[in-house]
Amino acid sequence: MLDSYGRSINYLRISITDLCNLRCRYCMTDKGVIKKEFEEILTLEEIEKITKEFVKLGINKIRITGGEPLVRKGILKLIREIGSLKEVKDFAMTTNGTMLKKYAKELKNAGLNRVNISLDTLNPKKYSHITRGGDIKDVLEGIEEAKKVGLTPIKLNVVLIKGFNEDEIEDFVNLTRDENIDVRFIELMPIGQVCQWSLNRYLSNNTVLEKCSYLERIESTDKSSPAVYYKLKNGKGRVGLINPISCKFCSNCNRMRLTADGKIKACLHSDEEIDIMKYLRQDIDISGILKNIIKDKPKEHNLEDGSYIKRNMMAIGG
């Protein structure tokens, strides 16, 4: 389905929980998350129903996010239901990877195609610091299990943080030399309660190209992808740069977002949300509502003007 600016909206990102087993400093405050009551979040059956309505409107690419999606009880049932939809051509999950060793095989068998794994450092001490206590060993074992069962191609998402991981850029780039993986550097986005923390540590993705001037630009086969891709000469994988701050990609945005508490966000960087849970629980047909949300998707965000949203990232799902 096309929005009013002629963009084909075919991608739905579903946050199934705002809870997480890590406490990443750019995602939440040191106080963590205020846990919502059970009735304040969508049931898995409600998520499935909304997803099917979106699929009828042309959604064929779905990503499950969180928080950390693997902490949600009953997730495998939801994966099986969505994985069985023949219209869905690309079914993925974004995860911190700490629970993948346990769940990778079951996720693959349930119909998940691939995973994106958040990993901002390769240093165990720094990983523990940025996540407030996480163990990088769990992530590395999860990556290996994902490769083993075929949840591929794997994409590693690396948030660039000034004073923290710019000294590891070349180490991450070199992972693509012998591994068929994508390493994607993402500019730190000022969002929610940790907005000021992020602004003080913002680092442009130009830093990657300055440190790795030998990278060769390549064309992406997915024109709607926010990433600009590069390769090492003779490298097996790719290096992606995602620049939401220094370079807007709104003109190609094909995404809708569903939050765990039943809100639809047509733009990640807008505070405008539509409470679809309200209509669903009043037994109102949501098909027409979803059509209007897609049609009225905003033209662009205004991060460059300092327009930062209030909702925390773990409550959106990225």
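This tour visits a helix, a loop residue, a pocket, a cavity and several cysteines in turn. The model is predicted.

**Stop 1: helix α2**

Select residues 75–83, which form helix α2. Within this helix, I75, L76, L78, I79 and I82 are buried. Why do they lie on the same side of α2? They cover an arc of only 160° around the axis, which places them on one side of the helix.

**Stop 2: I154**

Move on to I154, found in the loop between α5 (136–149) and β5 (155–160). Is this residue buried or exposed? I154 counts as buried, because its relative accessibility is 2%, and the limit for burial is under 20%. R114 and I154 are 40 residues apart along the chain, yet their C-alpha atoms are separated by 6.5 Å. Beyond its neighbours within four places in sequence, I154 is in contact with V115, I117, I143, A146, K147, I181 and D182.

**Stop 3: the second largest pocket**

Select L19, K35, F38, I41 and R72, which lie nearest the centre of the second largest pocket. In total, 13 residues line this pocket, and its volume is about 350 Å³. Its lining comprises six charged, five nonpolar and two polar residues.

**Stop 4: the cavity**

The structure holds one cavity of 30 Å³ or more. To find the largest cavity, select S224, P226, F249, N252, C253, N254 and R255, which line it. The space inside amounts to about 30 Å³. Its lining residues divide into three polar, three nonpolar and one charged.

**Stop 5: the cysteines**

How many disulfides does a search of the whole structure find? The search finds zero. Select C24 and C20 to see one case: the closest cysteine sulfur to that of C24 belongs to C20 and lies 6.3 Å away, which is too far for a bond, since a disulfide requires sulfur atoms within 2.5 Å. C24 is buried, with a relative accessible area of 15%. Finally, select C250 and C267. C250 is in no disulfide, and its nearest cysteine sulfur, in C267, is 6.2 Å away. C250 also counts as buried, at 11% relative accessibility.

Terms used:
Residues numbered from 1 in each chain as written. Predicted model: local features only at pLDDT ≥ 70, side-chain atom pairs only at ≥ 80, totals over all residues. Heavy atoms only, no water. 1 Å grid on protein atoms, 1.4 Å probe; cavity = no way out; pocket = protein on both sides within 12 Å on 5 of 7 lines; lining within 4 Å. Points joined across faces, edges and corners; volume = space filled by probe spheres on them. Nonpolar A, V, L, I, M, F, W, Y, C, P; charged D, E, K, R; others polar. Buried < 20%, exposed > 50% of the residue type's maximum accessible area, 1.4 Å probe, protein only. Helix = DSSP H or I, 4+ residues; strand = E, 2+ residues; numbered from the N terminus. Arc of directions from axis to C-beta. Contact = heavy atoms within 4.5 Å.
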